[in-house]
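I'll jot things down as I look them up.

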Amino acid sequence: AQAFEMLRERLLPFPHVRLNRHAVGARSGTATLYADAAGSSLRSLTQRDVSHCGIAFQHAEQVQIRTLDEYCTQLGISQINLLKKTARYSMALPSVR
């Protein structure tokens, strides 16, 4: 929640940018998003063991997951020219096609 608000504040000068507070996945639902701290950009849908790096994924929050098809239908999007996936690990968003 804190990271999203920070991003929202930084992008206020860009009215053409649409921020969405949900993850994209193969199925809709909810999932737990883990992080090392509130507001951190180090996040994953998998509670990773990175203790060997001195990091603990102890912060958790529930996030909504939507399919890309649902999102496009809701907003009337018929074509996507560019889609940027911002997951650091391919396992973070399984089965996104």
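Predicted model: local features only at pLDDT ≥ 70, side-chain atom pairs only at ≥ 80, totals over all residues.

Is arginine 21 buried, exposed or partly exposed? I get 46% relative accessibility for arginine 21, so I put it down as partly exposed.

Next entry, the partner. I found the side chain of arginine 21 in a salt bridge with glutamate 5, at 3.7 Å from N to O. Arginine 21 sits in the loop between H1 and strand S1 (23–24) while glutamate 5 is in helix H1, so this pair ties together parts that are 16 residues apart in sequence.

Then I checked glutamate 5 for other contacts. Its side chain also meets that of arginine 8 in a salt bridge, 2.8 Å from N to O. Both glutamate 5 and arginine 8 belong to helix H1 (residues 2–11), three residues apart, which is about one turn of the helix. I have glutamate 5 as partly exposed at 29% relative accessible area, and arginine 8 as partly exposed at 33%.

Moving to the strands. I see glutamate 61 and arginine 43 joined by a salt bridge between their side chains, 3.3 Å from N to O. Glutamate 61 is in strand S4 (residues 59–66) and arginine 43 in strand S3 (residues 43–44), so here the pair ties together parts 18 residues apart in sequence. For burial, I noted 19% for glutamate 61, which is buried; arginine 43 also counts as buried, at 19% relative accessibility.

Last entry, the tally. I count three salt bridges.

Methods. Residues numbered from 1 in each chain as written. Heavy atoms only, no water. Salt bridge = Lys/Arg side-chain N within 4 Å of Asp/Glu carboxyl O. Helix = DSSP H or I, 4+ residues; strand = E, 2+ residues; numbered from the N terminus. Buried < 20%, exposed > 50% of the residue type's maximum accessible area, 1.4 Å probe, protein only.
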